[in-house]
Structures are given as C-alpha cells and as structure tokens.
Amino acid sequence: MPQDLLPRRTVLKGSVLTAGLALANPWPARARAGSGEFALAPFVADVTIPIGHPCMGGGIQAAARVDDPLSACGVVLLGGRQPVVLVAVDWCEIRNEAFDRWREALAEAAQTSPDCVLVSSVHQHDAPVADLAAQRLLEASGAGASVCDLSFHERAVQATRRALSEALKAPRRVTHLGVGQAEVRDVASNRRYHLPDGSLRFDRTSACRDAVARNAELGTIDPWLKTISFWDGDAPVAAISAYATHPMSYYGQGGISCDFVGLARNRRQSETGVHQIYLSGASGNVTAGRHNDGAPENRAVLTGRMHAAMSKAWDTTQRQPLEQIELSHTPLRLEPRDTAGFTVEDLQRRLKEGPRPFDRCLAAMGLAWRARADAGHTLDMPVLDLGGARLVLLPGESYVEYQLKAQSLAPDAFVVSAGYGECATGYVPIERAWQEGDGNLGDWCWVAQGSEAAMNAALAKALSA
C-alpha cells in the first residue's frame with residue numbers, strides 16, 4: 001500500500017506529536033502535554049448569509065428574510081501538544097477550497113495544524129453552499145449564476161476565527177467525559193420505500209405529501225441520537241449531539257433558517273446554559289418525509305421531537321474520567337464520476353450551455369471537484385478518540401449505512417458519526433443504490449460507482465485502533 005494511504009495518528013495525551021506541526025503550546029499549565037489534565041474552549045459565531053445570497057448552491061430561492069440566524073458552533077479541545085477543533089456550521093455544504101480555508105483559518109487561530117480541525121456542515125437547505133473555485137468558474141465564464149458570495153464567505157470564516165480566538169482566552173477545565181443516547185421518535189425515514197406492488201421508489205423527500213410514501217415502511221435509519229458531553233467535576237461544560245436525518249421541515253421559500261435541528265439545539269442551549277453543538281449524521285438517504293408533509297407548523301413539531309431526544313439523551317448520560325484525546329487520520333480516495341454527463345467535457349459544456357442557472361452551478365461544482373480529484377486529491381476520514389467515545393467524520397452526503405457500518409466495526413465503543421465533512425463528493429451511496437436505480441443519484445453525486453468498498457476499507461482502518 002502506498003505510504004500516503006496509511007492511517008496517521010495525532011496523539012494528544014502528553015506524548016510526542018506524530019502528525020502535523022509541532023507548535024508552541026500557549027495554554028495554561030493545567031492543559032499542557034504531560035499534565036494529565038484537559039481543557040475546552042467553546043465558541044459560537046453568527047454566519048447568517050445576507051439577503052439575496054444564494055441558498056443550496058443556487059438551487060432554490062435566494063435569501064429573502066431571516067427566519068432564524070445561522071451559527072458556527074464549536075469547541076477547542078486542549079491538553080496535548082496540539083489543540084483539536086470541532087465546528088458544526090449551519091450551512092448546506094462546505095466544499096473543496098472552501099473546506100480547506102475553514103481548516104486553515106481556524107488552525108491558525110487555535111495554533112494547531114489544519115488536519116486537527118474537524119469541520120462539518122449541518123446541511124440545512126435554506127443556507128449556503130460554499131465552493132470558492134466553483135464560484136470563480138461561474139464568474140469567469142459569465143454564466144449568469146452564483147453558488148456563493150466570495151467576500152461574505154471570508155467574512156464568515158473570520159467571524160468564526162475571532163470567536164475561537166476569544167474563547168481561548170478563558171478555556172474551561174475538563175475532568176470527565178459523558179455519553180448518553182435516546183431514540184428519536186417520528187423524525188427520520190429512508191428515501192427508499194416499496195410501493196404496494198413491491199416495486200421500489202426513492203422519492204421520499206424532506207417534505208412528503210404522497211400518502212403511499214408516508215404509509216410505507218420506515219426503511220433503514222439509525223434511530224438513536226447520541227450525545228457526548230464534557231464536564232468539570234459535576235459541572236457540565238459542553239455537549240455534542242448527533243442524529244442522522246436531513247434537517248429540513250420545509251425550505252425554498254426565501255426564509256434563512258437553521259431549521260428544526262438548529263432550533264432544538266438552541267432551545268437546549270437556552271434552558272441549560274451548556275454550550276451545545278449539533279452534528280448531522282450520515283444521512284444522505286434519510287429524510288423526515290414519512291413524518292412530515294411540509295406544512296410550516298410541522299417545523300415546531302419536529303423541533304419538539306428532536307428537543308425531547310436531546311433532553312432524554314442528557315438524562316441518560318453516564319460519566320467517566322477523561323483520560324485521553326487522540327486524533328487519527330485515514331486518507332480516503334474516492335474516484336470522480338466520469339460517466340455521461342459527468343466527464344470534464346460534459347461539465348464544461350453544461351457550464352456554458354446549461355438551460356437553468358442551477359445547471360451551470362452544478363457543473364461548476366463538479367468541475368471544481370474534478371480538478372482536485374484529477375490532481376490526486378485525497379479525502380480525510382478523521383476519528384476523535386476520547387476513550388469512552390469515538391467520533392468519526394464522514395465525507396459529503398454519506399448514506400446512513402456507513403454510520404451503521406462504523407458502529408458494527410467497533411461494537412463495544414460509543415461511536416458517533418458526523419456527516420458532511422468535505423462535501424465535494426455530494427452523495428456517497430452504497431452500491432445497492434446504483435443497482436436499484438436510486439433516482440437521487442441523477443445529480444449531486446460526483447463520485448464513481450465502487451465508492452462503498454473504499455469507504456468501508458477506510459472505516460475499518462480508522463476504527464481498528
């Protein structure tokens with residue numbers, strides 16, 4: 001196996017750094033390497049897009065009003081030679097060069113290396129897609145379409161960077177790790193379902209009014225919301241919750257929104273005073289459609305169900321001393337899709353001649369990914385190992401089967417999966433989806449068939465320690 005495809009490990013338990021840059025540690029003595037103690041700096045920044053900004057990469061109505069602000073919620077974990085940053089952003093996707101920019105800027109602020117920064121999009125659709133190279137392609141071609149505003153993107157990155165820097169002035173001691181979980185009732189359902197005649201359909205979207213689809217089987221989901229928490233003795237410091245579903249009740253009507261998952265997170269923050277982070281799990285093929293007809297009032301209903309699960313997971317929390325923070329990196333190569341409509345030539349033609357602005361946006365995003373993939377770009381599958389819990393960050397819109405696979409590979413561990421890391425891939429389906437004709441793969445999927453084998457192999461390496 002090529003050396004650059006072997007897993008790398010950054011150990012943050014008072015040991016010598018084995019991956020990344022060895023930087024001076026600016027933190028209080030209690031959080032330094034070898035002290036056996038840890039600290040955490042929670043931060044949050046407002047990253048709400050301006051009115052008129054494209055939503056979902058130009059695929060739906062642009063922002064016309066702010067229903068709910070968008071946030072970047074994160075923590076910096078301290079206690080070793082390098083800090084680890086985890087941030088969840090209320091954006092649809094962060095892709096390609098934009099993903100690199102977030103990691104580089106936050107790494108600089110935290111005095112760590114970019115591969116110690118874990119960035120995950122929550123994936124609300126009334127929110128932006130960030131793809132800097134795609135936007136430059138659109139501007140250079142005169143396509144008359146827009147994915148994102150480049151200057152706003154940098155302002156949002158800098159706002160988050162400042163919030164992180166400010167938080168590091170007063171980190172909180174952390175002595176214990178907590179884990180808890182609860183079943184989420186009547187939220188998630190798989191896009192895939194059977195008609196009464198036994199045939200398959202894949203069109204159960206976030207809001208579904210079709211009675212047959214809503215009465216069909218639930219399909220493959222992960223029903224559990226999992227919460228990792230950090231404590232200073234008996235005092236809670238921060239909580240990270242994750243659940244696998246597309247996080248939309250309704251969208252595309254011009255209202256910027258963090259939607260029901262963000263609203264549930266914010267409610268928990270308000271009522272507990274504990275810093276809250278929410279991560280969307282591997283949910284490329286999971287939506288609320290079986291339980292949601294898209295009526296605006298259902299946003300509050302779904303918020304209540306998520307809030308109830310977050311509260312119950314907190315109530316079931318079991319604590320243990322925090323004794324380690326280890327971050328490992330498993331390189332992952334997913335081949336670019338090169339079938340009809342997805343060759344470089346096809347994408348270039350679509351960029352110039354696509355009948356809708358969104359067609360041209362999709363082409364630009366595809367070309368931005370192809371340029372990196374064709375140059376040999378390798379994705380990263382990091383695992384944050386806290387001893388009593390492991391958090392794995394998956395690329396793009398990974399299907400829920402990868403989240404279930406991760407749990408099966410470490411059955412004795414509390415494994416939390418976050419999706420929507422490097423989002424340039426779009427959907428990362430399992431092979432069965434191709435074979436069965438999953439209609440969602442007609443677009444927004446820029447990886448080739450065969451990705452399941454690569455994903456499973458990377459997961460096995462990442463979770464083998």
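Author: Angles under 35 degrees count as roughly parallel, over 145 as roughly antiparallel, 65 to 115 as roughly perpendicular, and the rest as oblique. The model discussed here is predicted.

Reader: How are α2 and α8 oriented to each other?

Author: The axes of α2 (residues 132-141) and α8 (residues 357-374) come within 8 Å. They cross at roughly 125 degrees. Roughly perpendicular covers 65 to 115 degrees, and roughly antiparallel starts over 145. The relation of α2 to α8 is therefore oblique.

Reader: Which residues of α2 meet α8, and what is the class make-up of the contact?

Author: On the α8 side stand Arg 360, Cys 361, Ala 364, Met 365, Leu 367 and Ala 368. From α2 come Ala 133, Ala 134, Leu 137 and Leu 138. By class, the contact of α2 with α8 has no polar residues, one charged and nine nonpolar.

Reader: How are α1 and α8 oriented to each other?

Author: The axes of α1 and α8 are 8 Å apart. Their packing angle is about 70 degrees. The range 65 to 115 degrees counts as roughly perpendicular. So α1 and α8 are roughly perpendicular.

Reader: How many charged residues are in the contact of α1 with α8?

Author: Helix α1 contributes Asn 96, Glu 97 and Asp 100. Helix α8 contributes Met 365, Ala 368, Trp 369 and Arg 372. By class, the contact has three nonpolar residues, one polar, and charged residues numbering three.

Reader: Which salt bridge partner does Arg 95 have, and where do the two residues lie?

Author: Arg 95 lies in the loop between β6 (93-94) and α1 (96-110). Its partner lies 36 residues apart from it, in the loop between β8 (129-130) and α2, so the cut-off of 4 Å is the test to apply. The N to O distance is 2.9 Å. The partner is Asp 131.

Reader: How many salt bridges does a search of the whole structure find?

Author: The pair of Arg 95 and Asp 131 is a salt bridge that links distant parts of the chain. Across the whole structure, the search gives 28.

Reader: How many bridges pair β14 with β15?

Author: Strand β14 covers residues 224-232, and β15 covers 235-243. Asp 232 has Ala 235 of β15 as its bridge partner. The two strands pair in the antiparallel sense, and the bridges number seven.

Reader: In the sheet β7-β5-β4-β2-β9, which residue stands opposite Pro 42?

Author: This sheet is open, with five strands and mixed pairing. Its edge strands are β7 (117-121) and β9 (172-174). Eight bridges join β2 (residues 38-46) to β4 (residues 71-78), running antiparallel.

Reader: What angle does α3 make with β2?

Author: Helix α1 packs on the sheet by touching β4, β5 (84-89) and β7. The direction of α1 makes about 135 degrees with that of β7. Helix α3 (residues 150-167) lies across β2, β4 and β5. Relative to β2, α3 runs at about 145 degrees.

Methods. Residues numbered from 1 in each chain as written. Predicted model: local features only at pLDDT ≥ 70, side-chain atom pairs only at ≥ 80, totals over all residues. Heavy atoms only, no water. Axes fitted to C-alpha atoms, helices over the stretch in contact; angles between N-to-C directions. Contact = heavy atoms within 4.5 Å. Nonpolar A, V, L, I, M, F, W, Y, C, P; charged D, E, K, R; others polar. Pairing = 2+ DSSP bridges. Salt bridge = Lys/Arg side-chain N within 4 Å of Asp/Glu carboxyl O.
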